[in-house]
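Here are a few exercises to work through with the model open beside you. Try each task before you read its solution.

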Protein chains: 2
Amino acid sequence: MKTAPATDQLQSDKLFVKMAISAWQTYNDRVTKLVEKLSDEALAGEVAPGKNTGTYLFGHLIAVNDNLFPLFGFGENLYPELGKIFLDTPDKSGLKFPAIPELKKYWQNVNRKLTDHFTGMTPEDWLSKHNSVSAEDFAKEPHRNKLNVILNRTSHQSYHLGQMTLLEKR
Amino acid sequence: MKTAPATDQLQSDKLFVKMAISAWQTYNDRVTKLVEKLSDEALAGEVAPGKNTGTYLFGHLIAVNDNLFPLFGFGENLYPELGKIFLDTPDKSGLKFPAIPELKKYWQNVNRKLTDHFTGMTPEDWLSKHNSVSAEDFAKEPHRNKLNVILNRTSHQSYHLGQMTLLEKR
């Protein structure tokens, strides 16, 4: 196999990171645009009869992104109270949700602060382990790194965006 | 910035590719499991009132994956007739769909043959241009490569999987 010079390889590492972050950002922006477009009433509806509401899914996405702070060692969750409502408990279990305008502020804050952290990260940082894997396991499974979390979170955002999109024009 | 040795960098390139392909495969398998689990009747239903049917979305995912053959220079589409039905035309426009058992065979074939091609590709191959970008544009925008297409297709599969999942247990 041809071995490329180290500088080319460094360029390719940067390219991989750029592509992954850009995909994450794309779906993040699409969620933002969708919730801005939907009325609060539409967002509070079920995505299909008997299924999750848009509000629950939106809160769920905020809580999942907020969990990246401790997972990546950026600090504490900004809104730790969301975990109980939108991660540990299913929709319609009687827990009171924050009002939709509040949720929109949380979404903005979480994503702005995450993006600030992401901007300063090198490819080496991205390939380093996250806080849910032990050093021992990471030595054997180096794909359990931060960038891989972002790849999975991108698909997760996209999965629920696909559902929330069904709330449009009914 | 610390420059890692070329061998480490080559390892990291392989790792990036492994993570991206593995994410693609994960969502591919989840679509397979879902369509195996749903009855043909359930799959033919609308994912939400007035929205696309599961059959249309399934055909759409097959056609999109099938388009990777010409896009990546692997050869012709296996099922070129699907493009008109599932890409160029919206659902419920009167075009006859192939029967669901046929679609399942197409899905398997397309994915098996794609996976065979993917297995032989080096990181360098993945970072090479696809056939929808000119050499000139690619020189300026090196992120328009094959791996980036896979990242986007992973989210696209995930988006529609999220919708098709709503067909479960009604």
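The exercises below cover a helix, some salt bridges and the cavities.

This is a predicted model, where local features need pLDDT of at least 70, side-chain atom pairs count only at pLDDT 80 or more, and totals for chains, interfaces and linings use all residues. Residues are numbered from 1 along each chain as its sequence is written, chains are lettered from A in the order in which they are written, and side-chain values use heavy atoms, with hydrogens and water left out.

**Exercise 1.** Find out whether the residues of H3(B) are buried or exposed.

Solution. Start with the helix itself: H3 of chain B covers residues 54–66, a helix being a DSSP run of H or I with at least four residues, numbered from the N terminus. Next, check its cover: 13 of its 13 residues are buried, where buried means under 20% relative accessible area, exposed over 50%, and partly exposed in between (1.4 Å probe, protein chains only).

**Exercise 2.** Work out how Lys140(A) and Asp137(A) are placed in their helix.

Solution. First, the contact: their side chains form a salt bridge at 3.8 Å, N to O, the term meaning a side-chain nitrogen of Lys or Arg within 4 Å of a carboxyl oxygen of Asp or Glu. Then the spacing: both sit in helix H8 (residues 135–140) of chain A, three residues apart, so about one helical turn separates Lys140(A) from Asp137(A).

**Exercise 3.** Describe the salt bridge of Lys105(B) and Glu102(B).

Solution. Look at the distance, which is 3.4 Å from N to O. Now place the pair: Lys105(B) and Glu102(B) are three residues apart in helix H6 (residues 100–119) of chain B. Lys105(B) is partly exposed at 48%, and Glu102(B) is partly exposed at 31%.

**Exercise 4.** Sort the lining of the second largest cavity by class.

Solution. Begin with the space, about 50 Å³. Here a cavity is a set of points on a 1 Å grid over the protein atoms alone where a 1.4 Å probe fits but cannot get out, and lining residues have an atom within 4 Å of a point. The lining residues include Phe16(A), Met19(A), Phe16(B) and Met19(B). Sorting them gives 10 nonpolar, no polar and no charged residues, with Ala, Val, Leu, Ile, Met, Phe, Trp, Tyr, Cys and Pro counted as nonpolar, Asp, Glu, Lys and Arg as charged, and the others, Gly among them, as polar.

Key: Helices (H or I, at least four residues) and strands (E, at least two) are DSSP runs, numbered from the N terminus. The expected span of a helix is 1.5 Å times one less than its number of residues. On a 1 Å grid over the protein atoms alone, a cavity is a set of points where a 1.4 Å probe fits but cannot get out, and a pocket is an open set with protein on both sides within 12 Å along at least five of seven lines; lining residues have an atom within 4 Å of a point. Grid points are joined across faces, edges and corners, and a volume is the space filled by probe spheres set on the points.
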